[in-house]
Amino acid sequence: MFKKSTFAAALLAATVISGVASAKTFIYCSEASPEGFDPGLYTAGTTFDASAHPVYSRLLEFKKGTTETEPALAESYEVSDDGLQYTFKLRPGVKFQTTDFFTPTRDLNADDVIFSFERQWKEDNAWNKYVEGASWEYFAGMGMPDLLQSIEKVDDLTVKFTLKQKSAPFIANIAMPFASILSKEYADKLQADGKMSQINQQPVGTGPFTFVGYQQDAVIRYKKNPDYWGEAPKIDDLVFAITTDASVRFQKLKAGECHLMPYPNAADVEAIKADPNLKVMEQEGLNVAYLAYNTTQAPFDKVEVRKALNMAINKQAIVDAVFQGAATVAKNPIPPTMWSYNDAIEDDKYDPEAAKAALEAAGVKDLSMKVWAMPVARPYMLNARRAAELIQADFEKIGVKVEIVSYEWAEYLDKSKAKDRDGAVMLGWTGDNGDPDNFLDTLLGCDAVGGNNRAQWCDKEFDELVTKAQEETDVAERTKLYEQAQVVFKREAPWATIDHSLSIVPMRKNVEGFVQSPLGDFTFDTVDITE
């Protein structure tokens, strides 16, 4: 790891964007610190942007700017006639990164692929609990342990996955960050040295950038991977300058201290667009923001109470105050740009008087609750504290007292998973693979309780519909099942759906080649800086 003084000097040298330099350094003013650098352990986009995308590769990856998969570490794959076996042919000659802390002696092979999945899958694997509390949240929440029958090495460059039942989202899932391929050789070395936790602090992959070091909550530094199997990055050095305040990110961008930033304040967007040195990309976000009640805790275990609280929230006021027009009110758990979106569903009507009467009818009086507010800006919620304050005021109108609580981002994500968590937690989701399953099962399925399912909601009817949709290969039939699942969701109200936002990415005028992702990823292997 770099010492603090070394990082400070490196960042200072990198921040002079307009200066003369032989190497191109790209600076990204990121919004928060990553939880770690092992993408299998986490689900946050912040963490994926800092780990999965620069450092690692996957068997398949999403074509830039789309939700379509394309070959990556696997040159090709074949599916058996019964839809249960997927055989991947690996790309020959792929090299793992050489760093100050590891020098590989062999190329990527089938052992690395099997290791990367089995550590998440098999409890008797030495790496399954290599960090305290490891839950492999994505792998488990998507039902992968129940889906996989076996993963076999056919030969050094061929791996066969056998499933217990057909899974329509399987190929898209394989392209997601949790399925990043790690070096088994590096893992074996760390295990032999008694330093297993280092794999989450000093990552080694096959991606476009090699990890150099991380100064906690301040800066992450990467360099171009000279052995990258794909098209070489156009920049030499990549710096993540961690800047949690959106206003400060804007000032840094304006001053030329970074090239690109995520999640601007809505109030700053017009000023950004008016600045001749800046430009903006924008598109509909594949996202949703929500307030998840803990449906296992009284009185939120009563659907009547959850529906009453939903009627008390003025969602349009939140959209107006937080996004200033760059979002729409959400009624479903998937965005309207997603196939199978059920537009026939009617939203809970904003009606404080009816909400108050419904609470009284449910026998709930003098209710006090906590509303959790995220400490960071996310694409689906630019200012959670402001949204929570508006919800606090709305609930006060119906006699419900709200305490707003928050934690540091990694702690927030961890604590909010607890099955006995109190109150309602504000969170959201940007789709990771373009499939409705990535919202409906990942966030609301029974397998995700205690993980991504922050509502701790396990509804048999909903779960059966979503599971059946996974096993169905006909898109029209899958659509019908997902539409029915949304009806059940709305009836049972485990969340208050809040908004779907526009994704806005400001950058310096001289940035070229950045491709905005419908999945909300920030990747820099194609960016360039023009003179």
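**Close-up 1. Asp394 and the residues it touches in this predicted model.** Once its neighbours within four places in sequence are set aside, Asp394 is in contact with Ala312, Ile313, Asn314 and Tyr350. Asp394 sits in helix H14, and it counts as buried because its relative accessible area is 6%, with the cut-off for buried being under 20%. Have a look at its side chain too: one of its polar atoms lies 3.0 Å from the backbone nitrogen of Asn314.

**Close-up 2. Helix H14 on the way from strand E14 to strand E15.** Strands E14 (residues 368-372) and E15 (residues 401-405) run parallel and are joined by five bridges. To get from E14 to E15, the chain passes through H14 (residues 384-396), making a right-handed β-α-β crossover.

**Close-up 3. Helix H11 under cover.** H11 (residues 303-312) is mostly covered, with seven of its ten residues buried. Those buried residues are Val305, Arg306, Ala308, Leu309, Asn310, Met311 and Ala312. What lies over them? The cover includes strand E12 (287-293), helix H13 (352-361), E14, H14, H18 and E17. Ala312 is also one of the residues in contact with Asp394 from the opening view.

**Close-up 4. Thr295, in the loop between E12 and H11.** Is Thr295 buried or exposed? Thr295 is buried, because its relative accessible area comes to 11%, and buried means under 20%. A polar atom of its side chain lies 3.3 Å from the backbone oxygen of Gln456. Not counting residues up to four places away in sequence, Thr295 touches Phe300, Asp301, Arg306, Ala455, Gln456, Trp457 and Pro494.

**Close-up 5. Pro494, between helix H18 and strand E17.** Pro494 is in the loop that links H18 (475-492) to E17 (495-508). Its relative accessible area is 0%, so it is buried. Leaving out neighbours within four places in sequence, the residues in contact with Pro494 are Leu291, Ala292, Tyr293, Thr295, Arg306, Leu444, Ala455, Trp457 and Phe489. Thr295 is the residue from the previous view, and Arg306 is one of the buried residues of H11.

**Close-up 6. Met381 in the largest nonpolar core.** This core has 160 residues, and Phe161, Met381 and Phe524 are the ones that touch the most other members. Apart from it lies another core, of eleven residues, including Cys29, Ala241, Cys258 and Leu278. As a bit of background, nonpolar side chains in soluble globular proteins tend to be buried together. Back at Met381, the contacts beyond four places in sequence are Ala289, Ile318, Val322, Phe323, Met374, Val376, Ala387, Met426, Ile498 and Asp499.

**Close-up 7. Helix H9 and its buried face.** In H9 (residues 246-255), the buried residues are Ala246, Arg249, Phe250 and Leu253. Seen down the helix axis, they fall within an arc of 100 degrees, so they line one face of H9. Helix H10 (269-274), strand E11 (278-284) and E17 are among the elements covering them. Now for the two ends. At the start of H9, a side-chain oxygen of Asp245 reaches to within 2.8 Å of the backbone nitrogen of Ser247. After H9 comes Gly256, with a positive phi near 80 degrees.

Methods. Residues are numbered from 1 along each chain as its sequence is written. This is a predicted model: local features need pLDDT of at least 70, side-chain atom pairs count only at pLDDT 80 or more; totals for chains, interfaces and linings use all residues. Side-chain values use heavy atoms; hydrogens and water are left out. Helices (H or I, at least four residues) and strands (E, at least two) are DSSP runs, numbered from the N terminus. Buried means under 20% relative accessible area, exposed over 50%, partly exposed in between (1.4 Å probe, protein chains only). Contact means heavy atoms within 4.5 Å. A nonpolar core is a set of buried Ala, Val, Leu, Ile, Met, Phe, Trp, Tyr and Cys residues joined through side-chain atoms within 4.5 Å. The arc is that of the directions from the helix axis to the C-beta atoms. A polar contact is a pair of N or O atoms within 3.5 Å; within protein, one must be able to donate a hydrogen and the other to accept it, and residues adjacent in sequence count only if both atoms are side-chain atoms. Two strands pair if DSSP finds at least two bridges between them. A crossover is right-handed if, with the strands pointing away from the viewer, the path from the first strand over the helix to the second runs clockwise.
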